[in-house]
Amino acid sequence: MGAFQIEASALKAALAVVRPAVEAKGANPLAAYVHVQIDGERVTVTANRNTVAMEVVIKAPQDNGRCAILAPHDRLSQIVALYDGETLSLSYKGGTKHALTIRAARASHVLTCADPGDWPALDWSAAVPGGEPPSPIILSAASWAHLWPAAAYAS
């Protein structure tokens with residue numbers, strides 16, 4: 001679908017901020033994934049947990065195209081951590097096999113991804129029966145991070 005440039009240190013920091021949502025995963029296996037939305041110079045990294053989505057926006061070093069990637073958080077974090085301080089070249093291929101190729105220096109890693117169309121919607125099963133469903137709660141991860149431990153008890 002395209003090739004993109006992202007600073008490893010910025011992506012590493014974004015993945016670290018949304019980690020609490022991934023670590024609190026439930027029965028849905030896609031809860032261990034992060035949704036990476038690339039739109040020009042804007043890169044949004046999102047992780048869902050029940051009725052809360054943690055989201056971080058970072059800036060890419062160049063104007064990329066548009067792409068959505070659904071990658072396993074832990075594996076992506078491991079690869080990105082290897083190249084902290086470098087610029088990563090990402091190449092995503094959709095279709096029947098979703099694969100993300102990450103290149104830095106002379107190394108290349110291929111990461112099997114899920115279909116971005118399978119990204120789970122926020123779970124509103126706890127909504128009041130017969131009542132209006134609440135609006136999704138989407139907060140910047142930086143403002144939510146200090147409240148996150150208490151959110152486990154509230155959700």
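Is K12 buried or partly exposed? In this predicted model, K12 has a relative accessible area of 34% and is therefore partly exposed. The residue belongs to the face of helix α1 that meets helix α2, and the packing of these two helices is described below.

Helix α1 spans residues 8-23 and helix α2 spans residues 73-81; their axes come within 10 Å and cross at roughly 150°. Because angles over 145 degrees count as roughly antiparallel, α1 is roughly antiparallel to α2. The crossing of α1 past α2 is left-handed. On the α1 side, the contact is made by A8, L11, K12, L15, V18, R19 and V22, and on the α2 side by H73, D74, L76, S77, V80 and A81. Sorted by class, the residues of this contact comprise 8 nonpolar, 2 polar and 3 charged.

Salt bridges were examined next. The structure holds 4 salt bridges. One of them joins the side chains of D84 and K12, with an N to O distance of 3.2 Å. Since D84 lies in the loop between α2 and β6 (87-93) whereas K12 lies in helix α1, this pair ties together parts that are 72 residues apart in sequence. D84 has a relative accessibility of 41% and so counts as partly exposed.

A salt bridge is also formed between D74 and R19, whose closest N and O atoms are 3.3 Å apart. Here D74 is located in helix α2 and R19 in helix α1, so the pair ties together parts separated by 55 residues in sequence.

K59 is exposed, its relative accessible area being 58%, whereas E41 counts as partly exposed at 33% relative accessibility.

Strand β3, which covers residues 42-49, contains T46. At 9% relative accessibility, T46 counts as buried, because values under 20% are assigned to that class. When neighbours within four places in sequence are left aside, T46 is in contact with V34, H35, A53, M54, E55 and W119.

Terms used: Residues numbered from 1 in each chain as written. Predicted model: local features only at pLDDT ≥ 70, side-chain atom pairs only at ≥ 80, totals over all residues. Heavy atoms only, no water. Axes fitted to C-alpha atoms, helices over the stretch in contact; angles between N-to-C directions. Helix = DSSP H or I, 4+ residues; strand = E, 2+ residues; numbered from the N terminus. Parallel < 35°, antiparallel > 145°, perpendicular 65-115°, else oblique. Left-handed = near helix turned anticlockwise from the far one by under 90°. Contact = heavy atoms within 4.5 Å. Nonpolar A, V, L, I, M, F, W, Y, C, P; charged D, E, K, R; others polar. Buried < 20%, exposed > 50% of the residue type's maximum accessible area, 1.4 Å probe, protein only.
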